[in-house]
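The following text walks through one protein model, a part at a time.

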Amino acid sequence: MAYFSVEHLNISFGGLRAVNDISFSVEKNEIFSIIGPNGSGKTTIFNLISGIYRPDQGAIMMEGENMVGRTPDRIARKGIARTFQNIELFANATVMDNLMLARHIHMRTSVFGGAFMFGKRSRAAREEVVHREKVEKIIDFLELQSVRDQFVGGLAYGKRKLVELGRALALEPKVMLLDEPSAGMNNEEKDDLTIWIKDIREDFQVTILLIEHDMNMIMGISDRVFAMNQGQRIVLGKPGEVQGHPEVIKAYLGEEAIS
Ligand SMILES: Nc1ncnc2c1ncn2[C@@H]1O[C@H](COP(=O)(O)OP(=O)(O)O)[C@@H](O)[C@H]1O
Ligand SMILES: [Mg+2]
């Protein structure tokens, strides 16, 4: 049994088959990348996996359970967390608060209800301490200390992308879906991000599905690469096999050079 897999996924919007019979399976602790020109259906696959869209057909299997038909909330609870191509954070809250909120929403701790009922060592208060420790660990890990008390809305784009990564990590996921995490980052930030993604896999034992346009990053980080175009699979293989594949090169012609 595969750790995580999608099987014969299909979804159409009007007449457009955005995801056309897509299947792949991902090993535990793998870094599995999805590439393809703009509009090829990559983000839609993430929207299907995270339960934002429901497939017309197909299965999404996590540890032997089908996620199809579950709410995004229940899918997150199963351990599948994501970041968004367009950042979705609370702009008027601090970095720290964004990460704490992620934990509270996810864990549904009764910090608001429970805290009133018991003394200062109540269950809720103890849980709050645990939440804070976990969030501190993530802030340290992503080197966000210097901006921890700043409003997210005021941060540079690259930093906000990192906070989004932190927010997803705060959910203590088993599987992380990262949608173009390096977009808008400079080269130094991209290098840091590459190291962090590898560290997330090692230190947090997270399996990573990555949508990325930066070919250097894809080649340096991925165990396997799934290339698609117009909703369909082109090829799945090791980074080197996929990069030089004629169909992949053809798909990118007229879009952007693949380096
Ligand atoms: N909610 C939607 N309604 C209509 N069309 C959509 C919707 N979501 C995605 N699409 C279409 O599906 C195709 C794939 O989009 P997307 O998955 O965002 O591509 P990618 O992430 O690979 O750039 C595009 O043609 C897009 O316009
Ligand atoms: Mg996309």
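With 11 C-beta neighbours inside 10 Å, Gly153 counts as exposed, because 12 or fewer is the limit for that class. The model is a predicted one. Gly153 sits in the loop that runs between helix 4 (123-141) and helix 5 (157-170). Leaving aside residues up to four places away in sequence, Gly153 touches Ala91 and Asn92. Leu89 is 64 residues apart from Gly153 along the chain, and the C-alpha atoms of the two are separated by 8.5 Å.

The loop that holds Gly153 also holds Glu143. Most residues other than glycine have a negative phi. Glu143 is a residue other than glycine, yet its phi is positive. With 11 other C-beta atoms within 10 Å, Glu143 is exposed.

Helix 4 itself comes next. Helix 4 is built from 19 residues, and the distance from its first C-alpha to its last is 27 Å, close to the 27 Å expected at 1.5 Å a residue. Its buried residues include His131, Val135, Ile138 and Ile139. These residues lie on the same side of helix 4, because they cover an arc of only 100° around the axis. An α-helix has 3.6 residues a turn, so residues three or four places apart point the same way. On the face of helix 4 turned away from the buried side are the exposed residues Arg126, Val129, Val130, Glu133 and Asp140.

Helix 1 (42-49) gives another picture. Helix 1 is mostly covered, with eight of its eight residues buried. They are Lys42, Thr43, Thr44, Ile45, Phe46, Asn47, Leu48 and Ile49. After helix 1 comes Gly51, which has a positive phi near 85°.

Which residues surround ligand 1? The shell is made of Phe13, Leu16, Ala18, Gly36, Asn38, Gly39, Ser40, Gly41, Lys42, Thr43 and Thr44. Strand 2 (16-26) and helix 1 are the elements that give two or more residues to this shell. The most comes from helix 1, which gives three residues. By type, the shell around ligand 1 has three nonpolar residues, seven polar and one charged.

Strand 2 also belongs to a sheet. This is an open sheet of four strands, in the order 2-1-4-5, and its pairing is antiparallel. Strand 2 and strand 5 stand at the edges with a single partner strand each, so one side of each is left without a neighbour in the sheet. In a regular strand the side chains alternate between the two faces of the sheet.

Within this sheet, strand 1 (residues 4-13) pairs with strand 4 (residues 57-62) over five bridges, in the antiparallel sense. One residue to look at here is Asn10, whose bridge partner in strand 4 is Gln57. Strand 4 is also joined to strand 5 (residues 65-66), by two bridges, and these strands run antiparallel. Across this pairing, Met61 stands opposite Asn66, and Met62 stands opposite Glu65. Strand 4 and strand 5 form a hairpin that has two residues between the strands. In the turn of this hairpin, Glu63 has a positive phi of about 50°.

A further hairpin is formed by strand 9 and strand 10, also with two residues between the strands. Strand 9 (residues 224-229) and strand 10 (residues 232-237) pair over five bridges in the antiparallel sense. In this pairing Val225 stands opposite Gly237 of strand 10. What is the phi of Gln230 in this hairpin? Gln230 takes a positive phi near 50°, in a residue other than glycine. Gln230 is found in the loop between strand 9 and strand 10. Gln230 has 15 C-beta neighbours inside 10 Å and therefore counts as partly exposed.

Conventions. Residues numbered from 1 in each chain as written. Chains lettered and ligands numbered in written order. Predicted model: local features only at pLDDT ≥ 70, side-chain atom pairs only at ≥ 80, totals over all residues. Near = placed C-beta within 6 Å. Nonpolar A, V, L, I, M, F, W, Y, C, P; charged D, E, K, R; others polar. Pairing = 2+ DSSP bridges. Buried ≥ 20, exposed ≤ 12 C-beta atoms within 10 Å, placed from the backbone. Contact = placed C-beta atoms within 7 Å. Expected span 1.5 Å × (residues − 1). Arc of directions from axis to C-beta.
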